[in-house]
Structures are given as structure tokens and as C-alpha cells.
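Here are my notes on the model you sent over.

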Amino acid sequence: FNALVSPDDDSAAHIMEVLHDKRTMTTVIQVIELINDELSKILNYILTQVWRAKEIFDQEGVSDPAEAIPGHKMARLVSLFLCGDVNQVDNILPIIRRITAGE
């Protein structure tokens, strides 16, 4: 809460720490569910995707955004996130190249 209300240099890292703590966020979702069931479902979906992305990044050794910038690496990460495997890298890579080229 303090990281949101009174941010400092460490606030972003602390917020990410809390977001990735499944136990804490599950408790937050349960409290929100008492207030608004639909909002809790949306938040649960978003957090599930965030946790999934973090797992993929960890498995692929990506700890810094710069490590995801090479086109092939980015295509691999997108394929893993969208499809659960790397079978679509060859289809995704041309799309990423067009985007980075500004097309």
C-alpha cells in the first residue's frame, strides 16, 4: 500500500514482488470477491496471465526486458505465452520483424 501511496525508488520492485506472491494476491482476490464477484474474476484472470508470463520468462532465463528484445527470442516468448510451446516461432517472427520495422 505504501508503494502506491508514497512511491520511492524501490516501489516498483516492491509492487512486482507483491504481485508475484500468489498467497498474498489470492487473499486480495478473496477480499475483492466479497465486494464484487465480477471484478475478482477479472483480477484473477489477469494475475493468472501475469504469473504465467513470469514462469515463462523465468524458464527462458529472461530477467531483464532487454533480454527479450532480440526478434527470435521475442517470437519464442510470444509463442510460449500464446500457444504453450515453440511451434509457432516461425509464424510469429515475421510479424515481430514488421512491427519493429514500423510497418
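1. Let's start with one contact. Asp37 and Lys41 form a salt bridge, with their closest N and O atoms 3.2 Å apart. Keep in mind that this is a predicted model. The two residues are four apart in helix 4, so about one helical turn separates them. Asp37 comes out as partly exposed at 35% relative accessibility, while Lys41 counts as exposed, with a relative accessible area of 55%.

2. Helix 4 has another pair of this kind. Asp58 and Lys54 meet through their side chains in a salt bridge, 2.8 Å from N to O. Both sit in helix 4, four residues apart, which is about one turn of the helix. Asp58 is partly exposed at 48% relative accessibility, and Lys54 is also partly exposed, at 31%.

3. Which parts of the chain does the Lys22 and Glu55 pair link? Their side chains meet in a salt bridge, at 3.2 Å from N to O. This pair ties together distant parts of the chain, with Lys22 in helix 3 (residues 22-35) and Glu55 in helix 4 (residues 37-59), 33 residues apart. Lys22 is partly exposed, with a relative accessible area of 40%, and Glu55 is partly exposed at 40% as well. For the tally, the structure holds five salt bridges.

4. Now the charges overall. The chain carries 9 positive and 16 negative side chains. The centres of those two sets lie 8 Å apart.

5. Stepping back to the fold: there are six helices and zero strands, so the order from the N terminus reads simply α-α-α-α-α-α. The radius of gyration is 17 Å, well over the 13 Å that the globule rule gives for 103 residues, so the chain is more spread out than a compact globule. Along its principal axes, the C-alpha trace spans about 45 × 35 × 30 Å.

6. How much of the chain is buried? Of its 103 residues, 19% count as buried. The accessible surface comes to about 7600 Å², and 58% of that belongs to carbon and sulfur atoms.

7. Last, the contacts along the sequence. Taking contacts between residues at least 6 apart in sequence, 27% join residues at least 24 apart.

Terms used. Residues numbered from 1 in each chain as written. Predicted model: local features only at pLDDT ≥ 70, side-chain atom pairs only at ≥ 80, totals over all residues. Heavy atoms only, no water. Rg over C-alpha atoms; globule rule 2.2 N^0.38 Å. Buried < 20%, exposed > 50% of the residue type's maximum accessible area, 1.4 Å probe, protein only. Contact = heavy atoms within 4.5 Å. Areas by Shrake-Rupley, 256 points an atom, 1.4 Å probe, with all protein chains shown as cover. Lys, Arg positive; Asp, Glu negative; His and termini not counted. Charge placed at Lys NZ, Arg CZ, Asp CG, Glu CD. Salt bridge = Lys/Arg side-chain N within 4 Å of Asp/Glu carboxyl O.
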